[in-house]
Amino acid sequence: ANIGATTESNFFVGFSGEISEGGVFIATYTSLERGQPVTVTVTLPGGFETKVNGIVRFTRDPLDFAADSEPGIGVQFESGLPHDTRELILRFIRKRAPMFYDE
């Protein structure tokens with residue numbers, strides 16, 4: 001998931017607003033099943049790259065031509081983001097607000 005200032009991929013949070021309870025939306029035409037465990041490589045501006053484990057929580061169908069949003073998958077982080085990873089993500093979302101998603 002390459003996440004930058006203008007990419008369709010982005011982080012997401014729920015009502016709590018806490019990124020460790022949220023995850024990352026990956027704009028893709030590849031479809032995965034809800035509940036499927038995955039490992040995602042997250043790349044941020046400046047060359048920061050990290051791998052995070054998560055679970056597919058939602059999908060946006062690539063064949064839904066009526067949808068206003070990009071196709072892709074939402075991967076919720078497993079609990080326990082490493083402190084340095086969490087801090088870098090928090091610094092990034094201060095500049096680009098995360099999406100809101102509530103199951």
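**View 1. Strand 1 and strand 2 side by side.** Strand 1, covering residues 10–13, pairs in the antiparallel sense with strand 2, covering residues 23–27, over three bridges. Strands are DSSP runs of E with at least two residues, helices are runs of H or I with at least four, and both are numbered from the N terminus; two strands pair if DSSP finds at least two bridges between them. Within this pairing, F11 has V24 in strand 2 as its bridge partner. The model shown in these views is predicted, so local features need pLDDT of at least 70 and side-chain atom pairs count only at pLDDT 80 or more, whereas totals for chains, interfaces and linings use all residues. Residues are numbered from 1 along each chain as its sequence is written, and side-chain values use heavy atoms, with hydrogens and water left out.

View 2. Six strands in the order 3-4-5-2-1-6 form an open sheet, and their pairing is mixed. Strand 3 (37–44) and strand 6 (99–100) are at the edges, where each has a single partner strand, so one side of each is left without a neighbour in the sheet. Helix 1, made of residues 83–95, lies across strand 1, strand 3, strand 4 (48–60) and strand 5 (72–77), and runs at about 100° to strand 1. Such angles run from 0 to 180 degrees between N-to-C directions, with axes that are lines fitted to C-alpha atoms, for helices over the stretch in contact.

**View 3. Aromatic rings around F11.** Three aromatic pairs are found in a search of the whole structure. The ring centres of F11 and F77 are 6.4 Å apart and the ring planes stand at 55°, so this pair is tilted; rings of Phe, Tyr and Trp (its six-membered ring) pair if their centres lie within 6.5 Å, and planes under 30 degrees apart count as stacked, over 60 as edge-to-face and the rest as tilted. Because F11 lies in strand 1 and F77 in strand 5, the pair ties together parts that are 66 residues apart in sequence. F11 is buried, with a relative accessible area of 0%, and F77 also counts as buried, at 5% relative accessibility; buried means under 20% relative accessible area, exposed over 50%, and partly exposed in between, using a 1.4 Å probe and protein chains only. The rings of F11 and F92 have centres 5.9 Å apart and planes at 70°, so that pair is edge-to-face. This second pair links distant parts of the chain, with F11 in strand 1 and F92 in helix 1, 81 residues apart. Through these ring pairs F11, F77 and F92 are linked into a cluster.

**View 4. The nonpolar core and the contacts of F77.** The largest nonpolar core has 20 residues, of which F11, I19, V24, V40, V75 and F77 touch the most other members; a nonpolar core is a set of buried Ala, Val, Leu, Ile, Met, Phe, Trp, Tyr and Cys residues joined through side-chain atoms within 4.5 Å. At least two residues of this core come from each of strand 1, strand 2, strand 3, strand 4, strand 5 and helix 1. Not counting residues up to four places away in sequence, F77 touches several residues, among them F11, I19, V24, V52 and I89, where contact means heavy atoms within 4.5 Å.

**View 5. Strand 5 and its two partners.** Six of the six residues of strand 5 are buried, so this strand is largely enclosed by the rest of the structure. Both of its faces are covered, with G72, G74 and Q76 on one side and I73, V75 and F77 on the other. Strand 5 pairs in the antiparallel sense with strand 2 over five bridges, and A27 stands opposite G72. Strand 5 also pairs in the antiparallel sense with strand 4, over six bridges, and here F58 stands opposite G74.

**View 6. The hairpin of strand 3 and strand 4.** Strand 3 and strand 4 pair in the antiparallel sense over eight bridges, and the bridge partner of T41 is K51 in strand 4. The hairpin has three residues between its strands, and G46 takes a positive phi near 95°. V38, V40, V42 and L44 make up the covered face of strand 3, whereas P37, T39, T41 and T43 make up the uncovered one.
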